[in-house]
Every structure is written in structure tokens, then in C-alpha cells.
Amino acid sequence: MQGDLFQTQANLPLEKAEVSYWPQWLSQPDPLFCELVGAFNWQQRSLSIYGRTCLTPRLVAWCADDGVNYTYSGDTAPRQAWPIALLRLRRQLEVFCQVPFNGVLANYYRDGDDSMGWHSDDERSLGPRPCIASISLGAPRDFAFRPLNGGKQRHNICLDHGSLLIMQGETQKHWQHALPRRRRVNQPRLNLTFRHIID
Ligand SMILES: O=C(O)CCC(=O)C(=O)O
Ligand SMILES: [Mn+2]
């Protein structure tokens, strides 16, 4: 059963944020990792940054209910249907987090050269206080927070295989997060961020 090890939860000490972490939220992460890697139609998208078009350093897939689209950093990835294993996980997370989710952004980091830059998940379509449930599978990777107001605090947490990280409340208003490049990592990682798109 998922969530049976959640007594090991940790709350991250970030001011004006609500971030909690369960290192072993999934009790059987290995088969899920294998199943999901093959279940998505992965794409390497390009983004426009300061007028230059760059390929994102990771692969992505967007799974969502009919008609639910998500635009972030100026890009709208095509919608895919939910793989069965992901629907099951969605229901478990909805019960656990007590909020509905209608989409999941999946990121596949082929190795430590793949990364995600500093950003907040603050699109209007997520609403003012989004609850984002992030499941990590595969190679453990560092995940970093920094304040949006330019403050010098940094907080790093290693996201383990089978873990759940929840960001909610005012977190996206006050903090940015990133998945930095880590050259020593030579295994892939799959991340699933469950979201609720309002319009
Ligand atoms: O890969 C991760 O853990 C982070 C993904 C993320 O921040 C996002 O998809 O917005
Ligand atoms: Mn994010």
C-alpha cells in the first residue's frame, strides 16, 4: 500500500512555505519506475529564453483529463491519456493530500547532465495556493530551494527513489526551486508532479 511509511515525514524549514517530504512513500517503486518509463510518449521540448530557442535538458510528457492543457514557460506540451498505473497513483495521492488532481507533468532526466532551472510553479492556471505532489523514481537527485525575494538562504533536499514531496500553501509565492545538474549521477530519474489546473 502506498503511504504506509509516511510516519517518517519531514517538514522543510522554509519560511512562508509548506513543504513536506516522505522518503519512502511508495512501498514498491521499482516496478512502477519500469512501467512508467515505457508508458509515456517522451518529448524533448524547446523553450525560448531571452529570444533564443533552446532544447530543454530533460524529456517531458503531460498526462491530463480531457481538455486540460497546461502552458508553462511559454510551452504547451500535447496532452496524453493517463496510463493505468498513473491513474491508480493519482487516486491514492488525492486521498492522501485531500485535493483533486487533473494533470501530471512527467519529467525524465536521462542522467546527471539533465536538469531543471530555477522557477516557481506559479502559473495562474494553478490558482493562488496550489498543492503540487511530486513523486520521484530512479536515481536520487538534489532538489534546491531559494527565496524569490533574492535572499541568500538555500535549502537542499535529496529526493529519493519512491519519495513524495508536497509543496502547498504560499510556497510558490515566496520560493523558487530547481533540480541542479549533477555530473556524478549516471542513472536516469523520473519525476511526476501532480497538479490541478483550474482553467
Ligand atoms: O524533477 C523535479 O523534482 C522537479 C520538477 C519540477 O519542479 C516541475 O516539474 O515543475
Ligand atoms: Mn516545479
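## About the model

The model is predicted: local features need pLDDT of at least 70, side-chain atom pairs count only at pLDDT 80 or more, and totals for chains, interfaces and linings use all residues. Residues are numbered from 1 along each chain as its sequence is written, chains are lettered from A and ligands numbered from 1 in the order in which they are written, and side-chain values use heavy atoms, with hydrogens and water left out.

## The manganese site

Ligand 2 is a manganese ion. Its protein donors are His119 (NE2), Asp121 (OD), Asp121 (OD) and His177 (NE2), at 2.1 to 2.7 Å. Donors are N, O and S atoms within 2.8 Å of the metal (3.2 Å for Na, K and Ca); water is not among the atoms, so sites may look incomplete. Along the sequence, the donor residues follow the spacing H-x1-D-x55-H.

The site has 6 donor atoms, and the angles among them run from 51 to 166 degrees. That makes the site irregular. Four donors count as tetrahedral if all angles lie between 85 and 135 degrees; four count as square planar and six as octahedral if opposite donors are over 155 degrees apart and all others between 65 and 115; anything else is irregular.

Asp121 is buried, with a relative accessible area of 4%. Buried means under 20% relative accessible area, exposed over 50%, partly exposed in between (1.4 Å probe, protein chains only).

## Around ligand 1

There are 14 residues around ligand 1, counted when one of their heavy atoms lies within 4 Å of it. Asn107, Tyr109, His177, Arg189 and Arg195 come nearest.

Oxygen atoms of ligand 1 meet several polar side chains. Tyr109 has a polar side-chain atom 2.6 Å from one. For Arg189, the distance is 2.8 Å. For His177, a manganese donor, it is 3.1 Å.

Four strands form an open sheet in the order 10-15-12-13, with antiparallel pairing. Strand 10 (116–119) and strand 13 (155–159) are the edges; each has a single partner strand, so one side of each lacks a neighbour in the sheet. The twist averages 15 degrees from one strand to the next, with axes as lines fitted to C-alpha atoms, for helices over the stretch in contact, and angles from 0 to 180 degrees between N-to-C directions. Helices (H or I, at least four residues) and strands (E, at least two) are DSSP runs, numbered from the N terminus.

Strand 12 (residues 141–147) joins strand 13 through 5 bridges. Two strands pair if DSSP finds at least two bridges between them. Ala144 has Asn156 as its bridge partner in strand 13. His119 is found in strand 10.

All 7 of the 7 residues of strand 11 (residues 132–138) are buried, so the strand is largely enclosed by the rest of the structure. Strand 11 pairs antiparallel with strand 14 (residues 163–168) over 5 bridges. Strand 11 also runs antiparallel to strand 16 (residues 189–195), with 6 bridges. Leu137 has Leu190 as its bridge partner in strand 16.

Phe96 sits in helix 2 (residues 84–97). Phe96 is partly exposed, with a relative accessible area of 24%.

Notes: A polar contact is a pair of N or O atoms within 3.5 Å; within protein, one must be able to donate a hydrogen and the other to accept it, and residues adjacent in sequence count only if both atoms are side-chain atoms.
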